[in-house]
Amino acid sequence: MAYSTKVIDHYENPRNVGSLPKDDVNVGTGLVGAPECGDVMKLQVKVNPQTGVIDDAKFKTFGCGSAIASSSLATEWLKGKTVEEALAIKNTDIVTELSLPPVKIHCSVLAEDAIKAAIADYKKKQGTSAEKGAGDDTHAQPTA
Amino acid sequence: MSVKLPIYLDYHATTPVDPRVVEEMLPYFTKQFGNAASRNHPFGWEAEEAVEKARKQVGDLIGANAKEIVFTSGATESDNLAIKGAAEMYREKGNHIITCVTEHKAVIDTCKRLEKEGFRVTYLPVRKDGRISLDDLKAAITDKTILITIMTANNEIGVIQPVAEIGAIAKEKGILFHTDAVQAVGKVPFNVNDLKVDMASISAHKMYGPKGVGALYVRRRNPRVLLAPLIDGGGHERGMRSGTLNVPGIVGFGKAAELCRQEMESDTKRLSGLRDRLNARLHKGLDEIYINGSMEHRLPHNLNISFAYVEGESLLMGINDVAVSSGSACTSASLEPSYVLKALGAGDDLAHSSIRFGLGRWTTEEEIDYVADKLTTVVTRLREMSPLYELAKEGVDLSTMQWQTEGH
């Protein structure tokens, strides 16, 4: 199979590989896929509590070159976006940007799932910590 | 010394034609171009003589009489002819066939076709080492069993089945025994009488001969095997396979067989040495790598390894100057991981992480060292970006984790 030059570039020079502290209340972690399906993506976002903007994003992916490229690209796009803007990223945007062939569309779907899962985790943490911290008003970040 | 790239380590898929074979074939394209079935002029006689010489060369390689060799277009046709031909011929005796889950698709899909036509097929499981259990085989035999078809050596994991033992059981029960011997013939000793094989499929292009030519060994006595032909026509090949013979291809096949017979011992010694070197070097550089299938009962030029926590296709991308194949779903047309590796019970994740190395006549030590070192680097890099590796290092048991699998 021939890969697009963008897929090869992300595979050879993946952006933002790594991990953020998953217990940090401002970090959301998404882990999607399954080893027996041949794809697992871990995607993390770190949200600035003051601005609601994603300051940092990291990924680790077990999967084919297109899966690595999709998650690498996703982390690039996430940085600087608000949580709501991040939720607007569609798998089709990834397909277009990376020129993924039809058999690799599932890689982009997985990347979108990973973004949604990471943000859902972040929101959940914010919800719980907001309850816990009710009254001491140190957690006044936007949640919706 | 620098190695020449790309490096070919996919000799189970096909082999280059040995230049000595090509040389032997060339006159039969232009000067001695006759039809081997032309009985009334020297062009035909020359072609027939060349075909009969090749028939003997192929027969000699497997301990068969030349008359027992039926030339075909390749091993897929040979498998089809053996299985469908025997099924049709012996239908009145019974309708049960025994095969195995790790067979080549040419055998499995042929058996599936026969199931649609009213035959019953038992697909024996394999143990973790890739071999069938003889007790399973014995238990599967009924008074309706007419054919056992079990491959000699597997094309993915190189595991060699207990062919002689299967042959003895088949003989005792009076059941025909066919073996797809494509990967084994020319590489390891294979004798149809020692192994008590009634039919054997062989392919020229897996043993340094040309593509498009193969053979089916069909036993002529004790018992005399009869097959219904798949292709009707001029009655070539004792009526079992009509069609003008591919004379240059057959000549090449014969020469390739002769060379394999002469060089098998030295090739085997050299290649098993290189294969063990590759294995040792990989194990030295990497932890958590697993050999798929028995190391004891294995072709000397095969290695199949799963690199845990790394997906096969991404691994192949990282070693794109090395030609190998992977059991990963992403590298197959079906998007399913290797059914052979799944049958070993290793788990789909390890099937996705596997690479098959096939060494051959022109593999060098420099190439082996290059491949081992490059793989070590790439696997290490990919593990650094693998969430599975990270989880495993944190002590998480991946097999008990809840994965979100819906939709994938």
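These legends describe close-up views of a predicted model.

**View 1. Chain B as a whole.**
Chain B contains 13 helices and 13 strands. Along its principal axes, the C-alpha trace of chain B spans about 75 × 55 × 40 Å. A compact globule of 408 residues would have a radius of gyration near 22 Å, and chain B, with 22 Å, agrees with this. Of the 408 residues in chain B, 52% are buried. Among contacts in chain B with a separation of 6 or more, 72% are between residues 24 or more positions apart.

**View 2. The two domains of chain B.**
Domain 1 of chain B is made up of residues 7-12 and 264-396, and domain 2 of residues 19-260. The C-alpha centres of domain 1 and domain 2 of chain B lie 30 Å apart. Where these domains of chain B touch, domain 1 contributes 21 residues and domain 2 contributes 23 residues. On the side of domain 1 of chain B that touches domain 2, at least two residues come from each of α8, β10 and α10 (339-343) of chain B.

**View 3. An open sheet in chain B.**
Four strands of chain B form an open sheet in the order β9-β10-β13-β12, and their pairing is antiparallel. Its edge strands are β9 (289-291) and β12 (325-326) of chain B, each of which pairs on one side only. Strands in a sheet pair through backbone hydrogen bonds, either parallel or antiparallel.

**View 4. The pairing of β9 and β10 in chain B.**
Strand β10 of chain B covers residues 302-307 and is joined to β9(B) by three bridges. The two strands, β9(B) and β10(B), run antiparallel.

Helix α8 of chain B, residues 247-285, lies across β9, β10 and β13 (354-358) of chain B. Helix α8(B) runs at about 15 degrees to β10(B). Both α8 and β10 of chain B also supply residues to the side of domain 1 of chain B that touches domain 2.

**View 5. Helix α1 of chain A and its cover.**
Helix α1 of chain A spans residues 5-12, and its buried residues are A:Val7, A:His10 and A:Tyr11. Seen down the axis of α1(A), these buried residues fall within an arc of 100 degrees, so they line one face of the helix. The cover over the buried residues of α1(A) includes α2 (65-78) and α4 (91-98) of chain A. Helix α9 (312-318) of chain B is also included in this cover.

Definitions and conventions
Residues numbered from 1 in each chain as written. Chains lettered and ligands numbered in written order. Predicted model: local features only at pLDDT ≥ 70, side-chain atom pairs only at ≥ 80, totals over all residues. Buried ≥ 20, exposed ≤ 12 C-beta atoms within 10 Å, placed from the backbone. Arc of directions from axis to C-beta. Contact = placed C-beta atoms within 7 Å. Pairing = 2+ DSSP bridges. Axes fitted to C-alpha atoms, helices over the stretch in contact; angles between N-to-C directions. Rg over C-alpha atoms; globule rule 2.2 N^0.38 Å. Domains from an automatic or database assignment.
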